[in-house]
Amino acid sequence: MFKPLTLLTLTTVFCLGAVAASRDEAGANTGDSAEGFWVATAPSGVHVKWGVLDNGDTWGLYDREGTILGAFHGSTRSSQGVLHGTGQAFDIPSRTVGATSFTGTYVPRQAISITTSHGVGFSGRYVAGYDQPARLSELAGRFDGEGLSSLSPVHSMGLRVDASGAVALSSDHGCTASGTATPRPGGKNVFNMALQFAGSGCALGHGTTVSGIAHFSTASGELFVLAMNAARTDGWLYLGAWVGE
């Protein structure tokens, strides 16, 4: 189902990672912010998915035909149609991490336009499904996909979520994980996710814990998970497809 990684330059991933925006206190009070779940397709064919949470935390994932190419984590501010922010971009093919910044404009819950510190820009659209409450009853099931850290090879992994939010991951390379998924407060379609890895084959190390977010689209059956270790020096990414209960 998944294809081999296609090399992207770090600059490309930077510009993709920069298409994330968040909110400041003015946005929180007036509803004028870039909060939400946004998607875009770059001219190279890379798909960008990113979530801007109500606390300003921003997460991004980039893939081509289901293969993870990079990720972003940072924070930004947005108000009165203008946004700016900074963060870290994780380039998976080159196994590198670097800082990036961006500026842009947005129309709340409609459209966003970004220009990065590398001089590259593009636009994305709002996904209305973000405004639906996250429900464990919809997330529950089995997923097949790919998981990796910023410094590890891509591995096929199965992920299961039960109706209580208990999460279990399995693989054939000596690494498993367990944890929880919890709907975030605020009534949006984002879950908090925490995992602890076990096994000699785990890229982040046996016993490492990560925390982050998960987003599941009931329309496409696609799940992505973005989580960081406690030191915020590395993370774990997962992109999978629902295969049944």
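Which residue forms a salt bridge with Lys188, and how many Å apart are the closest N and O atoms? The partner of Lys188 is Asp131, with the closest N and O atoms 3.0 Å apart.

1. A word on the basis. This is a predicted model, in which local features need pLDDT of at least 70 and side-chain atom pairs count only at pLDDT 80 or more, while totals for chains, interfaces and linings use all residues. Residues are numbered from 1 along each chain as its sequence is written, and side-chain values use heavy atoms, with hydrogens and water left out.

2. Strands (E, at least two residues) and helices (H or I, at least four) are DSSP runs, numbered from the N terminus. A salt bridge here is a side-chain nitrogen of Lys or Arg within 4 Å of a carboxyl oxygen of Asp or Glu.

3. Asp131 again. Asp131 also forms a salt bridge with Arg109, where the closest N and O atoms are 3.6 Å apart. The loop of Asp131 runs between strand S8 (121-126) and helix H3 (136-139), and Arg109 is in the loop between S6 and S7, so the pair joins parts that are 22 residues apart in sequence. Asp131 is partly exposed at 28% relative accessibility, and Arg109 is partly exposed at 35%. For reference, buried means under 20% relative accessible area, exposed over 50%, and partly exposed in between (1.4 Å probe, protein chains only).

4. Two arginines to look at in the backbone. Most residues other than glycine have a negative phi. Arg109, however, has a positive phi of about 60 degrees; its loop lies between strand S6 (96-107) and strand S7 (111-116). Arg232 also has a positive phi of about 60 degrees, and is found in the loop between strand S15 (222-229) and strand S16 (235-244). Arg232 is partly exposed, at 35% relative accessible area.

5. Glu222 and its partner. A salt bridge joins the side chains of Glu222 and Lys49 (3.7 Å, N to O). Glu222 belongs to strand S15 and Lys49 to strand S2 (residues 47-52), so the pair ties together parts that are 173 residues apart in sequence. Glu222 is partly exposed at 26%, whereas Lys49 is buried at 8%.

6. The wider tally. Lys49, Asp63 and Glu222 are linked in a network of salt bridges. The whole structure holds six salt bridges.
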